[in-house]
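Dear colleague,

I am passing on the structure we spoke about. Please look through it below, and then read the notes that follow.

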Amino acid sequence: MIEAKNLTKDFDDIEALKGVNVVVEEGSIYGLLGSNGAGKTTLLKTLAGIYKEDSGEVSIFGERVFENPALKERVLFIPDSLYFFAGYTLKDMAEFYKSIYTTWNQERYITLQRVFNLDPNKKIMKLSKGMQRQVAIWLALSTMPKVLILDEPLDGLDSVMRQKVKNLLIQDVADHQLTIIVSSHNLRELEDFCDHIGILHEGAIVLEKDMDDLKRDIHKIQVAFRSPLSEEVFNSMNLLYKEKRGSVYLFIARGDKNAVTKYFAEFDPVLLDILPLTLEEIFIYEMGDVGYAIENIIIK
Amino acid sequence: MPLKTSLLNKGIIRNDLKTLYWFPILYTVILFFVVPLQLISRIPHLKDSYPHSHIFGILNFGGDGTQQVLIMTVPVLLALILFSYLQRKNPSDMFHSLPIRRRTLFTSHILVGISFLTVPVIVTGLFTWIVQIVSNLHSYLSLRDILLWAAITMVMNTVMFMSAVFVGTVTGITLVQGVITYIVLFLPMGLLSLAAYNLQMFLYGYSFRFHLGNKDGFFMAISPLYRILNLNSISGKSLIGYIIFSAILYILGSYLYQRRRLENNMQPIVYKNLGYFFKYGVAFSCMLTAGLYFARFEKSIPWVVFGYLIASFLGYFIAEGILQKSFRIFSKKTFISYGIYGAVVAIGLLGINVDLTGYEKKLPPIEEIKGVYFASNFYSYQHREDPNFYEDENIELIREVHEEIIMNKRDVKYNQRTYGRNRGDLYFVYQLENGDEITRSYEGIDLSPYQDKIEAVNSSIEYKKMAYDVLNVEAKDVEKITFRSYEIAKDLVIYDLNEIDELLQLLKDEIINATYEELNDSRIWGSVDLLLKQKGTEDDSIRAESKIYDKATQEYYDGINVTWRKSFDSIDAWLFEKGYLEEARLLPKDVAFIAVDIANSYEEAKKIATSLRENKQFETSDKAEIDSALQNYSNHWGYDNFPIYVVAFYDENDNRITYGSFDQKHVPEFIKAYFEE
């Protein structure tokens with residue numbers, strides 16, 4: 001379990017993180033969503049033990065991460081801007097990781113070569129940005145991590161590679177109980193990948209959701225009636241949003257799909273449609289006022 | 001995996017070796033060129049005389065300074081390279097996400113760095129040793145010389161390296177790390193000197209000379225860079241001191257690294273509080289430098305204060321700009337914190353000005369004074385064995401002079417110096433009964449109010465015994481006495497023991513009985529040199545300066561020079577009696593005639609001196625007049641008053657024997673009368 005409790009972090013005069021609380025269960029993929037400058041990178045680097053917490057606590061498997069080599073051996077961080085030693089080939093870099101991580105698995109490294117299909121004798125600096133990212137993921141996975149912390153990992157990958165990497169990571173989660181925290185400024189990128197999503201806005205988590213719950217329990221309902229209904233009818237429901245266009249009502253409601261259908265059917269509607277909601281819409285409605293503020297930034 | 005928990009990480013060390021293997025190789029090659037190869041190239045010269053001068057400088061850091069430059073640059077460069085990851089963002093993130101403690105990273109890189117600096121030195125030392133054995137250079141340099149060279153180079157390399165590494169733990173930009181490293185290594189000395197120079201302007205009686213003048217050892221101790229610049233040899237004790245210093249830097253650096261906020265990488269200084277230190281430090285240094293500049297060229301306190309204000313303001317805001325990496329620094333906050341600085345400095349200056357500590361008025365009670373140094377120069381304070389006055393009469397006089405100077409403070413304060421004849425310096429060093437020392441110096445003050453008392457002190461026998469070594473010499477120690485006249489080429493040398501005895505006594509009597517004025521008169525025949533029998537020891541550096549080279553034996557002897565004054569009548573009489581006079585100095589009978597003219601400038605005097613004969617201004621061949629002229633002329637014309645009476649002496653063949661001038665006080669009557677007409 002990865003946990004951040006009341007985590008704060010100041011950058012001189014700026015409060016980058018203002019009391020962040022995050023819990024990530026083992027074996028899950030947690031998507032951290034936020035605009036640029038929301039504090040994603042700061043949070044991830046603190047989780048990875050690079051930055052020291054100003055106050056609050058960061059722990060992985062119940063231990064503090066900062067200056068904890070035994071734990072950090074199992075926690076791999078891949079930053080958004082990568083660093084490799086000048087003039088190093090992939091092989092050189094692998095050797096470096098091998099000398100640092102006692103958990104290094106040479107077989108896995110060789111197996112993964114087939115997946116990534118990169119020449120180990122090529123100088124890394126000469127590879128494209130997307131290829132370099134693959135190198136980082138390849139090396140990270142070869143150390144047999146228990147936790148992977150990825151800062152904007154899919155940036156710069158083409159769609160084929162993106163899918164490949166996602167599949168590989170999901171496979172690893174399934175096979176090795178890997179826990180992944182991944183950040184992005186793009187909701188759509190995380191949609192089919194994460195099982196939990198947290199939204200970080202101005203240094204605080206404003207929303208945290210289980211993806212399955214989200215999609216199951218929220219509905220968009222279009223309904224029209226012969227004669228206007230009293231307000232009480234709607235008030236008894238758990239409505240997130242209500243709009244009237246002519247005689248057609250548009251509701252966003254929470255609850256079991258069948259129960260909602262049954263409820264409206266009793267009033268003999270002329271029209272009753274239960275429509276699917278996109279993830280973006282869900283977030284915007286869920287977050288209310290905050291949602292409108294960051295809608296334009298995170299949901300493109 | 002014992003290394004895992006220790007201070008070293010094999011992976012990091014191996015990686016450093018892999019990426020930087022070229023560094024020690026390059027360093028070894030450079031050292032090879034600078035040391036063993038130099039030695040080999042000079043072997044052919046060893047057959048010449050003075051073979052040591054050819055070896056000199058290779059192992060004792062003399063010569064062209066290449067080795068000093070290497071010590072000052074190579075370790076710093078290596079530290080910048082090894083710790084560049086700490087000054088950037090991406091490599092810093094990468095290194096610190098690895099499962100390695102910060103202290104382990106720090107120690108591993110340092111170990112690599114020190115080995116890279118040490119192994120090449122050892123290899124070079126071995127090469128040199130082989131050269132020494134193969135070429136049989138044992139008599140010119142020993143194994144000990146080689147070992148000492150290696151030890152000094154390695155230790156000073158380590159000091160430079162650790163300093164740069166230490167600075168790196170608080171900086172966030174490599175360039176800043178490099179610059180601050182050199183500043184820090186020079187700062188203690190620079191700041192202290194600047195502060196002392198500035199204090200001298202404001203504190204009446206304070207002089208940097210006593211506190212910081214000639215304190216090379218102290219400066220070397222506090223500023224390693226200064227030590228390296230003046231490197232020749234370092235004692236074992238100092239080497240151990242430097243090793244301890246490096247160890248302290250390691251411990252402090254390790255602590256600061258541990259607490260470093262990596263998110264502040266790319267900021268010039270990652271510790272906010274050190275930022276204040278930096279800003280105020282720059283402001284203060286700029287302020288003092290400007291103070292010195294204005295004191296030198298404007299010489300008045302308002303200008304100095306103006307300089308303080310401008311320079312500290314500039315320094316502060318430039319430092320602020322560097323810290324914020326921006327030109328937009330003029331905020332209320334920065335002005336307030338500069339204001340605090342200004343206020344503190346103003347209070348400090350005011351405190352000095354009103355003499356809060358009583359420094360300026362301090363005068364030890366007479367009963368507490370054991371002895372006192374009192375002179376118009378600083379030199380004899382350092383070079384005399386015991387430069388102090390102990391006789392009550394003199395101490396009283398000196399204290400009175402000091403008291404008057406303190407009372408006259410208002411007239412001379414703030415560097416307002418007098419110029420001209422009466423300008424001079426006075427130094428006081430009181431040795432108190434309780435062992436304390438009080439030092440005061442007053443430079444460039446008007447000495448005329450104290451002249452009587454100064455003369456009284458300097459006419460005392462106690463003073464003369466200090467100032468004239470001849471008074472402390474016994475005839476049996478004198479090998480010979482040489483009279484060197486300005487006018488005639490040949491010297492008169494007295495070897496006879498009895499004659500030496502007589503002469504020495506006459507000289508002593510003349511000096512003891514001479515007045516202050518006589519002893520400072522410009523009319524001089526030449527010098528009387530006493531060559532002492534006992535040869536001085538080689539290691540006595542102070543006395544070596546005063547050694548006299550004897551042409552006869554081609555050796556250096558200890559000797560005493562006595563100024564041969566024209567007022568020493570008894571010497572003249574003795575020489576005459578013995579029949580030596582004409583060998584000793586120019587006599588009227590050697591002079592056919594003299595010519596005199598007046599000049600109104602030094603340039604004119606110089607011109608006249610060469611053409612006196614042609615111009616025929618005033619000439620006389622009267623022997624009595626020639627004698628009077630001889631007795632009264634000086635062989636220079638460095639007077640403050642014009643006109644200058646230039647005089648030249650000629651033999652019967654019209655050749656000029658010598659020339660000079662008359663001080664206005666001593667112009668013979670017949671010449672004065674002629675020119676006044």
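**The interface between chain A and chain B**

Across the interface of chain B and chain A there are 11 residue pairs in polar contact, both residues of each pair being at pLDDT 80 or more. Please keep in mind that this is a predicted model.

On the side of chain B that touches chain A, helix H2 (10-20), helix H7 (90-97) and helix H8 (102-134) each supply at least two residues. H7(B) gives the most to that side, with 7 residues.

The contact takes 30 residues from chain A and 30 residues from chain B. About 2800 Å² is buried between the two chains, and carbon and sulfur atoms give 53% of that area. Within chain B, the residues that lose the most area to chain A are Met94(B), Pro99(B) and Glu263(B), which together account for 21% of what that side buries.

The interface also holds 5 salt bridges between chain B and chain A. In a salt bridge, the side chain of Glu263(B) meets that of Lys9(A), with an N to O distance of 2.5 Å.

**A nonpolar patch on chain B**

Chain B carries a nonpolar patch on the surface, made of Tyr21(B), Trp22(B), Ile25(B), Leu26(B), Val29(B), Ile30(B), Phe33(B), Leu37(B) and Ile40(B). Together these residues have about 830 Å² of accessible area. Helix H3 (22-34) and helix H4 (36-42) of chain B each supply at least two residues of the patch, and H3(B) gives the most, with 6 residues.

Val29(B), one of the patch residues, is in helix H3 of chain B.

Most residues other than glycine have a negative phi.

- Asn6(A) has a phi near 50° and lies in strand E1 (residues 2-11) of chain A.
- Phe61(A) has a phi near 50° and sits in the loop between strand E4 (55-60) and strand E5 (63-64) of chain A. Phe61(A) counts as partly exposed, at 30% relative accessibility.

Regards

Terms used: Residues are numbered from 1 along each chain as its sequence is written. Chains are lettered from A and ligands numbered from 1 in the order in which they are written. This is a predicted model: local features need pLDDT of at least 70, side-chain atom pairs count only at pLDDT 80 or more; totals for chains, interfaces and linings use all residues. Side-chain values use heavy atoms; hydrogens and water are left out. Patches are made of residues with over 30% relative accessible area and no salt bridge: like charges are joined within 9 Å, nonpolar side chains (Val, Leu, Ile, Met, Phe, Trp, Tyr) within 5 Å. Accessible areas come from the Shrake-Rupley method with a 1.4 Å probe; for residues, only the protein chains shown count as cover. A salt bridge is a side-chain nitrogen of Lys or Arg within 4 Å of a carboxyl oxygen of Asp or Glu. Helices (H or I, at least four residues) and strands (E, at least two) are DSSP runs, numbered from the N terminus. Buried means under 20% relative accessible area, exposed over 50%, partly exposed in between (1.4 Å probe, protein chains only). Contact means heavy atoms within 4.5 Å. Buried area is the accessible area (1.4 Å probe) that two parts lose on being put together, summed over both. A polar contact is a pair of N or O atoms within 3.5 Å; within protein, one must be able to donate a hydrogen and the other to accept it, and residues adjacent in sequence count only if both atoms are side-chain atoms.
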